[in-house]
Amino acid sequence: QVHVVESGGGLVQAGGSLRLSCAASLRTSSKYVLGWFRQAPGKEREFVASLVWSINFTYYADSVKGRFSISRDNVKNILYLQMDSLKPQDTAVYYCAEQNYSGDMYFPMRVDKYNYWGQGTQVTVSS
């Protein structure tokens with residue numbers, strides 16, 4: 001079963017904007033953190049931003065803070081990543097990921113704590 005599916009990647013010039021979307025299969029009986037990660041060629045996957053679904057609380061990597069904004073549509077179960085002031089260094093495959101947790105124990109910035117991953121969408125920023 002598909003849990004998360006990303007879309008919205010593309011080619012933009014430096015300084016431009018792009019919005020990514022992630023359609024998630026969420027159940028109210030479970031607890032989730034939905035996150036965005038990215039991976040450039042030859043690099044490890046890194047945290048970008050995440051959102052704790054039940055409380056709508058957000059986390060950001062320092063490298064994107066002030067430029068990117070993560071948000072949700074709680075009715076349609078869609079996660080967004082609004083990317084502004086894009087830089088060539090933002091070029092990567094962007095992944096949406098889902099972390100399931102219990103109680104209050106979650107790890108919003110940990111790659112290894114996410115349970116499901118989308119197929120990725122390419123974001124290319126030209127200089």
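1. The link of Cys22 and Cys96 is left-handed, with -75 degrees about the S-S bond. The pair joins distant parts of the chain, Cys22 in strand E3 and Cys96 in strand E9, 74 residues apart; strands are DSSP runs (E, at least two residues) numbered from the N terminus. The sulfur atoms of Cys22 and Cys96 are 2.0 Å apart, and the count comes to one disulfide (a pair of cysteine sulfur atoms within 2.5 Å).

2. This is a predicted model, in which local features need pLDDT of at least 70 and side-chain atom pairs count only at pLDDT 80 or more, while totals for chains, interfaces and linings use all residues. Residues are numbered from 1 along each chain as its sequence is written, and side-chain values use heavy atoms, with hydrogens and water left out.

3. Cys22 counts as buried because its relative accessibility is 0%, and Cys96 counts as buried at 0%. Buried means under 20% relative accessible area, exposed over 50%, and partly exposed in between (1.4 Å probe, protein chains only).

4. Gln99 is also found in strand E9 (residues 92-101) and is buried at 2% relative accessibility. A polar atom of the Gln99 side chain lies 2.7 Å from the backbone oxygen of Phe107. Leaving aside neighbours within four places in sequence, Gln99 is in contact (heavy atoms within 4.5 Å) with residues including Tyr32, Phe107 and Tyr114.

5. Ser17 lies in the loop between strand E2 (10-13) and strand E3 (18-24). Ser17 counts as partly exposed because its relative accessibility is 40%. Beyond its neighbours within four places in sequence, the contacts of Ser17 include Val12, Gln82 and Asp84.

Methods: Helices (H or I, at least four residues) and strands (E, at least two) are DSSP runs, numbered from the N terminus. A polar contact is a pair of N or O atoms within 3.5 Å; within protein, one must be able to donate a hydrogen and the other to accept it, and residues adjacent in sequence count only if both atoms are side-chain atoms.
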